[in-house]
Amino acid sequence: MSTATGPSDHTRQRLELLPVDRAREEIDAGVRLIDVREQNEWDDSHLEAATHIPQGELIERIDEVAPDRSERLLLHCRTDNRSSRMAQELAGLGYENVAVIEGGILAWEQAGLPTESGSGLTAEQRMRYSRHTLLPEVGVDGQLKLLNSKVLLLGAGGLGAPSGLYLAAAGVGTLGIVDDDVVDESNLQRQVIHNTERVGVAKTASARVAIEALNPDVEVVEHNTRLDASNILELLEPYDVIVDGADNFPTRYLLNDASVRLGKPVVSASILGFDGQISTFVPHEGPCYRCLYPVPPPPELAPSCGANGVLGVMAGVMGLLQANEVIKLVAGIGEPLIGRLLLYESLGTRFTELKVKRDPKCPVCGDEAVEVAREAMGRFPDYELFCGAPAREPSPAAA
Amino acid sequence: MPTVKIPPVLRARTGGESEIAVAGATVGEVLSALAAAHPDTREQLLTDDGQLNRYVNVYLNDEDVRVLDGLETGVSDSDTVVILPAMAGGR
C-alpha cells in the first residue's frame, strides 16, 4: 500500500491506494467494488464484480448501495484520479474504510487480469430503462431478464389492457396476446390499450398498434383465437409467464390444468363490480387454481362483467397488480403472491389477504395427481350441470 | 359477536349489507345464524344436509376453514368470517 501525498487535507492523507494484486484478493473475498467511470467506458470493458455508478451519481446513490458507512469499499476508474477524488468525498460523508485501486482498470488489464465488456443494453435502452436500472433490485441484469422474457396475455380486455401496456413499457421482450374478440365501444371505459379509432378492429391487432407505438423493443405475437383443449398446450409452450385475464370459468380451469402440466406460472386476477382478486399460481411451489376453487360456482353466483358492470379503474388496479407480479417473477425479486389471495374492495379501499394452501388431494397438482389427458383438461365430470356450457365451448365473452 | 363479510354476489340476499355481526361459537353456527337472519343466503352457503357447499370458500380471518376444522372450527367474538366466491371476470 502507498499513500497519496497532497494537500494537507486530513482525508487525503489517509487515502489508501491498493495495488491490483491486493485489490484482487479483496474482490475475491467479496469486498464491494464500485466503478465510477462513465457509461461508455463501462461498456468497453469492466470488472465482473464491479457495481457501476458513474462519479456524478455516486454521492446521491451511495446510501442505497452501501448504507453501512463502516463497510469496506473499493473504488476504481481508468487510472486512479477520479476514484481518488470520489474516495475523498465518501470519506467526507463518513465512509471510514474506502480504498482505491492503484492505476485503475488500466493497471488491472496490464496485469493480465480478466474483464468483460458490454452492458447488454443499447444506448437507447439505457435511456429508456434508466429508472429500472437505477433500482438495485432490478439493475441491468433484471432489465436484461425482462427483455429476454416471453409473457402471454390471456385476453386483451379489462385486465390484459393495463397489464399489457405496462409490461410493454417495462420492456418485456415478447408479448403474446390471445383474444378472438374485436374492440367495442363499451370496452373503452376500461380497456385503455384500445381507442376510439380502433373500434371494430381485432383486439390483438389493436393491442399491437398501441404496444409498438409505446415500445419498439417488444415483439408482439398475435393469437387471434380462443383457447381450447386442442390448442392450449402449443399456445402456452413458448412462454415464461401467463397473465390470466379470462372472462369465464371454463377457460380458467382449462388454463390451470394446462399450466400445471407444463409447469408454467400463472398470474391470475378477476374483477367484478367494485371488487377484485389476484393470486400467483406457480405449479408445485404453491397451490393451483383448483386447490383454491375446487369447483366453479353456479351461474347465479358467477355473473359476468357484461351482465353486472365493473368499475373501469378496478380493471386498471388489478391488471397492474398482475403486471407487478409478472415483473417480480421474471426478475426473480420480491415476494410473489404464491399461496396468498389478495382481495381488493375499491369502494372501501380495503385490501384483504387470505392464505391459500396446496391441496394434497388436488386432482391436478396434488400428491397423487396423474397427468391430465389433453381432452380432459379444463373439464369437470358434471361441468354442464354447474355452468350450463361445456368447457370446450364457453359462453360468449361478456366484453 | 363475530363479523361475517358478505361478498358482492350475495349482498342482494342480505339487503345490501356487506358486513353482518351474528352470534355463534363455531363457523357452522355463525353461518346458520346468518342464514336465519337472511334466509336467501342459505341455499348458496349450505347443502340440504347442512354441509358447506363445495363452491363456497369460507375463511376464519385469513385461514381457509377447510384446513381448520371446517364448520366445527371455533370462532371468537373478535373473529371475522369471510365468505369468498370464485370470480371469473376479466374483461
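In chain B of this predicted model, B:Val58 stands opposite B:Ile83, a residue of strand 5 of chain B.

**Strand pairing in chain B**
- Strand 3 of chain B, covering residues 57–60, runs antiparallel to strand 5 of chain B, and four bridges join them.
- Strand 1 of chain B (residues 3–5) is joined to strand 5 (residues 80–84) of chain B by three bridges, and these two strands run parallel.
- Within strand 5 of chain B, B:Val81 is the residue that B:Val4 stands opposite.

**Contact between the chains**
- Chain A has 34 residues in contact with 19 residues of chain B.
- On the side of chain A that touches chain B, the elements that give two or more residues are helix 13 (249–262), strand 11 (266–272), strand 12 (275–281) and strand 14 (350–355) of chain A.
- That side of chain A comprises 19 nonpolar, nine polar and six charged residues.

**Helix 13 of chain A**
- Helix 13 of chain A, one of the elements that touch chain B, is mostly covered, with 13 of its 14 residues buried.

Technical notes: Residues are numbered from 1 along each chain as its sequence is written. Chains are lettered from A and ligands numbered from 1 in the order in which they are written. This is a predicted model: local features need pLDDT of at least 70, side-chain atom pairs count only at pLDDT 80 or more; totals for chains, interfaces and linings use all residues. Two residues are in contact if their C-beta atoms, placed from the backbone, lie within 7 Å. Ala, Val, Leu, Ile, Met, Phe, Trp, Tyr, Cys and Pro count as nonpolar, Asp, Glu, Lys and Arg as charged, and the others, Gly among them, as polar. Two strands pair if DSSP finds at least two bridges between them. A residue is buried if 20 or more other C-beta atoms lie within 10 Å of its own, exposed if 12 or fewer, and partly exposed in between; C-beta atoms are placed from the backbone.
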